[in-house]
Amino acid sequence: MITNKHHEYGIWLSYDNQKSGFRLPVNPAELQISDATSGKSYDVSGLGEINVIQSPKLTEISFDSFFPAPGANYSFVASETLFEPYVYLTLLQDWMKKKRPIRFIFTGASFDLNLAVSIEKFEWREAAGSGDIEYSLGLKKYVFYKARPVKINKNQKKGSKKERDTKETPKTYTLVSGDTLIGVAKKQLGNESRWKEIQKLNGIADSELRKLQIGRVLKLPG
């Protein structure tokens, strides 16, 4: 928590590369800034409690102040240009509706801040009798990001599917009249010497070799 006098610092809010914006007419008495690292503790058997350091939390900024009523003569007004309260209200409400980040600039005696932020909270009310608009503003650091396109290799995908289909569906051959295992091996496998592989794979006895059953479906080795 940082506390400064009004003349030692200034706060500017702007939108769309400063196409619209303003300096806070009255500096808040307190500026609360939170950017603590998020840490989690775990109990590990035999080691006791350990602390795992997580990524830092996004900076959060909050403060309270007010927009002076028209004609107000306050000596502590920080901005040289003073608008009517409804102008500030309209701008902030419009920025929130657009759901885009704004720019927060803080200049102080000991440090400066220049951040893209989102408006997380904006509450206001008219102060009784004075015409001033009191408000509370909560901001959160905004990190710009861009989605990365995902590329799919269509040729590789098709090839993988073909390989799976070939592997999952074994080759077969249906015997016709005049077939022999030697002839099947030569015609289907390109090598007549592999007929014994067909015999073993299908459990064909030697006594069946001379008279194979027509219409029998044989499994073929890969």
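Trainee: Is K99 buried or exposed, and what is its relative accessible area?

Mentor: This is a predicted model in which local features need pLDDT of at least 70 and side-chain atom pairs count only at pLDDT 80 or more, while totals for chains, interfaces and linings use all residues. Residues are numbered from 1 along each chain as its sequence is written, and side-chain values use heavy atoms, without hydrogens and water. With a 1.4 Å probe and protein chains only, buried means under 20% relative accessible area, exposed over 50%, and partly exposed in between. K99 therefore counts as exposed, at a relative accessible area of 76%.

Trainee: Where does K99 lie, and what is its phi?

Mentor: Helices (H or I, at least four residues) and strands (E, at least two) are DSSP runs numbered from the N terminus. In these terms, K99 is placed in the loop between helix 1 and strand 8. Although K99 is a residue other than glycine, its phi is positive, near 55 degrees.

Trainee: How many bridges join strand 8 to strand 9?

Mentor: Two strands pair if DSSP finds at least two bridges between them. Strand 8 (residues 102–107) and strand 9 (residues 112–126) run antiparallel, and these two strands form a hairpin with four residues between them. Within the pairing, I102 stands opposite V117 in strand 9, and F106 faces L113 of strand 9. The number of bridges joining strand 8 to strand 9 is six.

Trainee: Which residue of strand 8 is the bridge partner of I11?

Mentor: Strand 8 also pairs with strand 2, in the antiparallel sense and over five bridges. The residue asked for is the one that stands opposite L113 in strand 9. In strand 8, the bridge partner of I11 is F106.

Trainee: Is P85 buried or exposed, and what is its relative accessible area?

Mentor: P85 has its place in helix 1 (residues 85–98). Counting as contact any heavy atoms within 4.5 Å, and leaving out residues up to four places away in sequence, P85 touches F67, P68, A69, P70, G131 and I133. P68, for one, is 17 residues from P85 in sequence, yet their C-alpha atoms are 6.5 Å apart in space. P85 is buried, and its relative accessible area is 7%.

Trainee: At roughly what angle do the axes of helix 3 and helix 4 cross?

Mentor: Axes are lines fitted to C-alpha atoms, for helices over the stretch in contact, and angles run from 0 to 180 degrees between N-to-C directions. On the helix 3 side, L181, I182, V184, A185 and L189 meet W195, I198 and Q199 in helix 4. The axes of helix 3 (residues 181–189) and helix 4 (residues 195–202) come within 8 Å of each other, and they cross at roughly 105 degrees.

Trainee: What C-alpha distance separates V176 from V217?

Mentor: V176 belongs to the loop between strand 11 (172–174) and helix 3. With a relative accessibility of 44%, V176 counts as partly exposed. Along the chain V176 and V217 are 41 residues apart, whereas the separation of their C-alpha atoms is 9.8 Å.

Trainee: For the protein as a whole, what percentage of the residues count as buried?

Mentor: The protein contains four helices and twelve strands. Among its contacts with a separation of 6 or more, 57% are accounted for by residues 24 or more positions apart. Of the 222 residues, the share that counts as buried is 28%.
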